Amino acid sequence: VALNSVAAFTCPPTKCLATGTATTLYAKKQKNKKLKSKTGGGGFGSKSTAETSTKPVSADKNSLEIQWDRFASITNLEIGPLGSPEDEDYEHFIVTDVFVRVGPSDVDDGSDKAVTGWYRTGKAVAAGDDADIFAALTLQKGLIFWTAVHMWPQLAAKGKAAAKQLQLGFMPPSMYMADETDPALDEEEGKEVLIPQRADVKGVSVKEIGFRPDFNPPGFTYKRREGAAMKKKKSALEEIEEAS
């Protein structure tokens with residue numbers, strides 16, 4: 001999968017390693033400290049009822065803007081937390097790459113073969129001392145499906161009947177970003193994608209989770225917090241170059 005030219009993440013040049021467990025997604029948690037909560041989502045219109053409950057995030061354009069804004073706010077365009085958990089300004093969060101496919105048919109025909117391969121869709125994040133990436137995926141599953149169908153005509157082409165067969169998958173975070181010309185993962189790559197377990201979302205705040213698609217779905221343009229963060233990073237780089 002190629003790097004997208006609009007990719008905004010920065011991190012050490014590491015590869016996305018295959019893993020058979022989800023434990024590699026979890027960075028070391030901060031000990032005995034109260035984390036500052038980063039929240040986004042302001043200025044997009046009516047307030048979501050999910051902000052004060054554990055209801056799933058709505059699957060619509062407005063929710064995509066809010067959750068993308070929150071993703072940018074939480075991560076500051078980093079793939080993982082910076083510094084040490086012992087640092088005063090350390091802020092814990094977990095990022096994962098997310099994928100969507102049309103899974104096996106419900107029809108009992110003796111076949112368990114998926115209808116499509118896995119399409120790389122974006123990245124999800126969970127923040128806080130007790131960050132649970134599975135809760136973030138559970139609460140944003142509908143939004144991720146909605147976004148994936150708009151991003152990938154190959155998924156939408158299977159029709160409304162296939163909507164019930166959509167499956168969500170994840171892998172440890174990487175710097176890779178899809179673009180609209182990418183094919184689905186091949187069979188070998190697809191074996192590395194894991195199906196997330198359904199999480200207990202009681203007490204989870206949607207202000208501490210987010211989702212960022214790898215590219216804008218047709219007809220949608222994200223222009224807010226992430227753009228400002230990119231300008232800030234560019235300005236910092238220019239200052240370093242001027243000083244050298």
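This is a predicted model: local features need pLDDT of at least 70, side-chain atom pairs count only at pLDDT 80 or more; totals for chains, interfaces and linings use all residues.
View 1. Residues are numbered from 1 along each chain as its sequence is written, and side-chain values use heavy atoms, without hydrogens and water. Phenylalanine 170 is also buried, at 2%. The two residues form an edge-to-face aromatic pair, 5.6 Å centre to centre with 80° between the planes (rings of Phe, Tyr and Trp, the last by its six-membered ring, pair if their centres lie within 6.5 Å; planes under 30 degrees apart count as stacked, over 60 as edge-to-face and the rest as tilted). Phenylalanine 134 belongs to helix 2 and phenylalanine 170 to strand 3 (residues 166-171), so the pair ties together parts 36 residues apart in sequence (helices, H or I of at least four residues, and strands, E of at least two, are DSSP runs numbered from the N terminus).

**View 2. The ring cluster.** Trp68, Phe220 and Tyr222 are linked into a cluster by ring pairs.

**View 3. Surroundings of threonine 147.** Threonine 147 is located in helix 2 (residues 133-151). Its relative accessibility is 0%, so threonine 147 counts as buried. Leaving aside residues up to four places away in sequence, threonine 147 touches Leu64, Phe211, Pro213 and Pro217 (contact means heavy atoms within 4.5 Å).

Key:
Buried means under 20% relative accessible area, exposed over 50%, partly exposed in between (1.4 Å probe, protein chains only).
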